[in-house]
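Here is a short report on the structure shown below. Please keep the model open while reading.

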Amino acid sequence: MKLKSFPKGGIHPPHRKNRVYSSDDLNASLPKIAVIPLSQHIGAPAKCVVNVGDIVKEDDLLGEATGFVSSNIHASVPGEVIEIKDQFLPSGRVSKAVVIETKGEFSRLGKDLDKYTWEDLSNAELIQIVKDAGIVGMGGATFPTHVKLTLPDNVKLKHLIINAAECEPYLTSDHVLMLECSNEITEGLKILKKILDPEYIQVGMEINKEDAGDKLTESFKLANLDASVVFLKNKYPQGAEKNLVRAIIGKEIPSGKLPISVGVINLNISTVYAIYEAVVLHRPLVERFITIGGGAVKNPGVYRVRIGTSARALIEECGGFNEEPVKVIFGGPMMGFTVFDLDVPVTKGTSGIIALTAKEVKSANTTNCLKCGRCIDGCPMGLVPSRLYKLIDHHQLDEAIKSGLNDCVECGSCAYNCPAHLFLVQKFRAGKSIERRSKGAK
Amino acid sequence: MDKLKVSSSPQFHNGDSTFSVMWSVSLALLPSTIWGFIVFGLSSLWIVVVSILSALCGEYILNKIYKKNTLNDGSAFLTGLLIGMNMPPMMNGFAWLYVPIGASFFAIFIVKWAFGGLGNNWMNPALGGRVFVFFSWTKHMTLWKVPMTDAVTGATPLGAVKSGLLGYSGSASGPLDLLNEVSKDSVSYLDLFLGKIGGSIGEVSALLLLIGAIFLIIKKIIRWEIYVPYLVVFAVFIWIFDGNRFGSGYFSGDVLFHILSGGLILGVFFMATDMVTSPLTSKGMIIYGTGCGFLTFLFRIYGANPEGVSLAIIVMNIIVPLINRYTKPRLFGYVSDGGSNE
């Protein structure tokens, strides 16, 4: 089998994908106290619609979307709203958050849910369901999904590409999701096929998930769905949107454009599953699959976790730490965020919680750039990261923009390779935000 | 537990560092240097020690001035070691003191720090230092020792070939033949390979240098894009043209002799591949390696000096910024038809 891949750049970090889980015991314990931020997505934060003292049921609306690019927030547990507070998000930003003390009865937990038929609904109705359920891109970018599904007029979609690459080290939650819920994903794809009417549906994944791919293919066949699984080389960042599209359809998304410019819409596999739950089970996005891993965690594993559960509770569930962690990361180690305390809650975009030991982090002192060119070898976008770094350092932002600063996808391949341990991605982020701000001022 | 580290992504690393790169290269050079001490005796040891100490001393002084701490990144040690390896094994009078010190100080102060320290120099510091003292104290820099003895000889095999060819009208078919004819010490390929020849302290044993090079190749520190074109281009040109000097016509050059003698192996694997002074992209590295190979051939065969490696690499170092400018990678997403499928 010839594996597809993006042609230039990329790195091969150690996989460390420890796929430990048990089908019977997939659900994490419910949080005693759930902290549910009102801003878990790109776009305007949701408007709080509950007050302290309110009793909420499971799946009740807590926050209402405020505009087109925004998203609803729902209660992941039933109970009493005890506080509305400021909470640090994994990204370091602060958001208002609804704190719920779990009590009362679960309306859905442990029960067989009714399945609703959706074949007779119109596209607008289906998109409305997705919007009401508060579904956002679950690969980490958390872009509201209903916006993506609303195609501009007269645009015919050619490829619906499902991102199941999961190219970050440690992360295995998409893999487990595909193994456990292949039929549900297939049903989700059928719904998407009705909404978007694409010519092709392709699920891209790294070859290290071959068993999951085969299972999906089987499921497609059973359900008579015209979709295919595309196996990709194990190479980071295979799951970055632009690289995934390049690998699967062989076309580059032009700089500064959206995938739709080459006839593509790209959704994460977990998002497809969430769409299934919303449409078939009438269930909003209140839980997701999460990898808990890293060398510092005693029993790493994959769990289905309610939004709002704290990292502390999840790590305790995994037996606690067996070694002092240096970094606790929300997401994968290449693009995830470090947190400074363990009370940060799981949000819709959290694909994993990884606690790394000093031995895994491998930090070293920063030195001058050695001009070794390894950053260029790593960059999938054809940039010269060492030069960009220097330009931003010297306040030559215009020149940096001209050299492609805004094409940087912040995958971190350059910094991973850098023997001088320069904070390349950090510098690029800083450069981009300075540029955005100065543009705003003009 | 309360002290979690917060940082911008990526949160982990492949583990290489400036420290590990520099010390790996130093380690790779060690066998060959020790071989130099064995065949050339104590005088060579002192020269290497003086080179290293003066390089470290220079770095320390500049650290104090610029309030930095770069002494432990290993780059100054490596520069000193390379300078020592490029020195002849003995010098008359006090030259064994001031020549290495001159070379190391020139390398550290002028070549490296005048341009901003590690990573900002545009010429390999060790080579810069060596070439500086070569032209300043040519007399001391061209005094060679016969291996395993205390005898002083006038020339390395390459030097003997060069001088032997001046006004030569005999019928030697190649460099080895010529050496046997004009000098009393005959040399075989095996001598060249093992390092039983005259030469700089660290350059004589091709075998041990190759072992070091293999270590660096495994550690992915040196790149084939530089050393393969360098060796191939050099070998091809030698093969085509060197036979002419002995009157045996084109396509009859003695490639093996030229690869094993002089500082070629040391230069190809340890100096041309210096990260700081070689191009950034694979394409650029191939151009650079090709240029190094061609210039080494040119300087060695047609130049006034028997060697050529140092000068060739320095000349190519100088045009590296130009190579970088014209070998930038293509930016993703700037093709109108979206590129082709794999």
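## Model and conventions

This is a predicted model; local features need pLDDT of at least 70, side-chain atom pairs count only at pLDDT 80 or more, and totals for chains, interfaces and linings use all residues. Residues are numbered from 1 along each chain as its sequence is written, chains are lettered from A and ligands numbered from 1 in the order in which they are written, and side-chain values use heavy atoms, with hydrogens and water left out.

## Helix α10 of chain B

Helices are DSSP runs (H or I, at least four residues), numbered from the N terminus. Helix α10(B) covers residues 206-218. Its 13 residues should span 18 Å at 1.5 Å a residue, and its end C-alpha atoms are 18 Å apart, which agrees. The expected span is 1.5 Å times one less than the number of residues.

Buried means under 20% relative accessible area (1.4 Å probe, protein chains only). In α10(B), A206(B), L208(B), L209(B), G212(B), A213(B) and L216(B) are buried. Seen down the helix axis, the buried residues of α10(B) fall within an arc of 165°, so they line one face. That arc is taken from the directions from the axis to the C-beta atoms. They pack against α1, α3, α9, α12 and α13 of chain B. Contact here means heavy atoms within 4.5 Å. Just after α10(B), K220(B) takes a positive phi of about 60°.

## Helix α14 of chain B

Helix α14(B) runs over residues 282-302. Its 21 residues should span 30 Å, and the end C-alpha atoms are 30 Å apart, which agrees. Its buried residues include Y288(B), C292(B), F297(B) and R300(B). Their cover includes α7, α11, α12 and α13 of chain B.

## Nonpolar cores

A nonpolar core is a set of buried Ala, Val, Leu, Ile, Met, Phe, Trp, Tyr and Cys residues joined through side-chain atoms within 4.5 Å. The largest has 86 residues; M87(B) and Y288(B) are among those touching the most other members. α1(B) gives the most to this core, with eight residues. Apart from it lies another core of 50 residues, among them I162(A) and V302(A).

## Cavities

A cavity is a set of points on a 1 Å grid over the protein atoms alone where a 1.4 Å probe fits but cannot get out; lining residues have an atom within 4 Å of a point. A volume is the space filled by probe spheres set on the points. The search finds six cavities of 30 Å³ or more.

α3(B) supplies the largest share, four residues.

## I249 of chain A

I249(A) lies in helix α6 of chain A. I249(A) is buried, at 14% relative accessible area. I249(A) and K4(A) are 245 residues apart in sequence, yet 9.5 Å apart in space, C-alpha to C-alpha.

Methods
Helices (H or I, at least four residues) and strands (E, at least two) are DSSP runs, numbered from the N terminus. On a 1 Å grid over the protein atoms alone, a cavity is a set of points where a 1.4 Å probe fits but cannot get out, and a pocket is an open set with protein on both sides within 12 Å along at least five of seven lines; lining residues have an atom within 4 Å of a point.
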